Amino acid sequence: MTGWEYLLALAVSLASMVVMDRRWRLVLWHRPRRAAGVLLAGVAFFLLWDLTAIALGFFERGQSAAMTGIELLPELPLEELFFISFLCYLTLVLHALALRLLPAPAARQGAQR
């Protein structure tokens with residue numbers, strides 16, 4: 001991958017999650033305000049985590065042909081924002097799917113008796 005391909009792959013993956021979410025009304029189309037708040041809180045948490053690690057010298061932007069070279073802040077590439085957003089959204093979608101597909105705890109207890 002070179003240049004914009006990694007960012008494009010992240011954007012396509014994020015868009016695919018949105019399409020799946022809309023189709024089955026899992027997160028943003030199920031409870032939009034709550035989901036947007038949780039998604040924004042997750043993205044903010046991990047951005048703060050990254051910024052703290054950058055300030056402490058743990059993270060540095062590596063040189064890779066797969067990255068655009070655009071930095072939101074020093075050592076914070078644009079791709080990181082898309083990756084964090086995708087990761088948080090994926091977690092919410094997987095959680096919603098698990099709640100739908102797995103039996104509720106009360107139903108599991110009733111089946112064991």
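Is Arg61 buried or partly exposed? Arg61 counts as partly exposed because its relative accessibility is 21%, where buried means under 20% relative accessible area, exposed over 50% and partly exposed in between, with a 1.4 Å probe and protein chains only.

## Basis of the report

This is a predicted model, in which local features need pLDDT of at least 70 and side-chain atom pairs count only at pLDDT 80 or more, while totals for chains, interfaces and linings use all residues. Residues are numbered from 1 along each chain as its sequence is written, and side-chain values use heavy atoms, with hydrogens and water left out.

Helices and strands are DSSP runs numbered from the N terminus (helices: H or I, at least four residues; strands: E, at least two).

## Salt bridge

A salt bridge is taken as a side-chain nitrogen of Lys or Arg within 4 Å of a carboxyl oxygen of Asp or Glu. The count by this rule is one salt bridge. It joins the side chains of Arg61 and Glu71, at 2.5 Å from N to O. The two residues are ten apart and link distant parts of the chain, with Glu71 in strand S1 and Arg61 in the loop between H2 and S1. Glu71 is partly exposed, at 35% relative accessibility.

## Nonpolar surface patch

A nonpolar patch on the surface is formed by Phe45, Phe46, Trp49, Leu56, Phe58 and Phe59, and together they have about 680 Å² of accessible area. Patches are made of residues with over 30% relative accessible area and no salt bridge, nonpolar side chains (Val, Leu, Ile, Met, Phe, Trp, Tyr) being joined within 5 Å and like charges within 9 Å. Accessible areas come from the Shrake-Rupley method with a 1.4 Å probe, and for residues only the protein chains shown count as cover.

Phe45 lies in helix H2 and is partly exposed, at 45% relative accessibility. Leu56 is in the loop between helix H2 (32-55) and strand S1 (71-73), and Leu56 counts as exposed because its relative accessibility is 59%.

## Pockets

Rolling a probe the size of a water molecule over the atoms shows where empty space is left. The search uses a 1 Å grid over the protein atoms alone; a pocket is an open set of points where a 1.4 Å probe fits, with protein on both sides within 12 Å along at least five of seven lines, and lining residues have an atom within 4 Å of a point. Grid points are joined across faces, edges and corners, and a volume is the space filled by probe spheres set on the points. In sorting the linings, Ala, Val, Leu, Ile, Met, Phe, Trp, Tyr, Cys and Pro count as nonpolar, Asp, Glu, Lys and Arg as charged, and the others, Gly among them, as polar.

The largest pocket has a volume of about 310 Å³. Its lining has 13 residues, with Leu26, His30, Arg31, His95 and Ala96 nearest the centre. H2 and helix H3 (78-101) each supply at least two lining residues, and H3 gives the largest share, five residues. By type, the lining of the largest pocket holds seven nonpolar, two polar and four charged residues.

The second largest pocket holds about 180 Å³ of space. It is lined by 13 residues, and Glu60, Arg61, Glu75, Pro77 and Glu80 are the closest to its centre. H2, strand S2 (76-77) and H3 each supply at least two residues of this lining, which divides into six nonpolar, one polar and six charged.

## Backbone with positive phi

Arg25 is not a glycine, yet has a positive phi of about 45°. Arg25 sits in the loop between helix H1 (5-24) and H2 and is partly exposed, with a relative accessible area of 49%.

Glu75, also not a glycine, has a positive phi of about 70°. Glu75 is in the loop between S1 and S2 and counts as partly exposed, at 32% relative accessibility.

## Distances along the chain and in space

Leu90, in helix H3, is 77 residues from Ser13 in sequence and 9.5 Å from Ser13 in space, C-alpha to C-alpha. Leu90 is partly exposed, with a relative accessible area of 25%. Ser64, in the loop between H2 and S1, is 61 residues from Gly3 along the chain, and their C-alpha atoms are separated by 8.6 Å. Phe45 and Met67 are 22 residues apart in sequence, and their C-alpha atoms are 23 Å apart in space.
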